[in-house]
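Let's walk through this structure together, from the whole chain down to single residues. Have the sequence at hand as you read.

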Amino acid sequence: MNKLTIIGNLARDPELRTTNTGKNVCNFNVAVNGRNNTVTWFRVSVWDKLGDLCMQYLAKGRKVCVVGPVSVGTYTGNDGKTYANLNVTAQEVEFLTPRAEQGQQAAPTQQAPMPGLGDGYVEVTDNDLPF
């Protein structure tokens, strides 16, 4: 099983592009803080409707939780050296920045369908919470 869960902050605003087949994909980088002040960078790709929501509601500095399979890629830097990068194809994205900190944009009123939750899923809003 290849499933990674990360929580971190967007390093810059997300970018949306459309493939030749007409599918939308949203890409962004997430910085995950580790022990001893280390930072691990992940490149995240989010497809279709969930990618559209990420493009609409995420921005540089926002905190997110991303769940999906991870792969390792390589690229050649400007200095001619080969570097590795960690790529996550997001299956789930949760927006963690509180509404009060999001500025002018409102939080989404709908969540994207999450695979595997079935018909027993009930959406809970802040008004439903007893505290």
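Here is a short tour, beginning with the model itself. This is a predicted model, in which local features need pLDDT of at least 70 and side-chain atom pairs count only at pLDDT 80 or more, while totals for chains, interfaces and linings use all residues. Residues are numbered from 1 along each chain as its sequence is written, and side-chain values use heavy atoms, with hydrogens and water left out.

The chain has 1 helix and 8 strands, where helices (H or I, at least four residues) and strands (E, at least two) are DSSP runs numbered from the N terminus. Their order from the N terminus is β-β-β-β-α-β-β-β-β. Of the 131 residues, 29% are buried, meaning under 20% relative accessible area with a 1.4 Å probe, protein chains only.

Now to helix α1, residues 48-57, where L50, G51, L53, C54 and Y57 are buried. These residues cover an arc of only 160° around the axis, so they lie on the same side of α1; the arc is that of the directions from the helix axis to the C-beta atoms. In general, an α-helix has 3.6 residues a turn, so residues three or four places apart point the same way. The cover over the buried residues of α1 includes β2, β3, β4 (39-47) and β8 (92-95).

Finally, look at T19, in the loop between β2 (15-18) and β3 (24-33). T19 counts as buried because its relative accessibility is 18%.

Notes:
Buried means under 20% relative accessible area, exposed over 50%, partly exposed in between (1.4 Å probe, protein chains only). Contact means heavy atoms within 4.5 Å.
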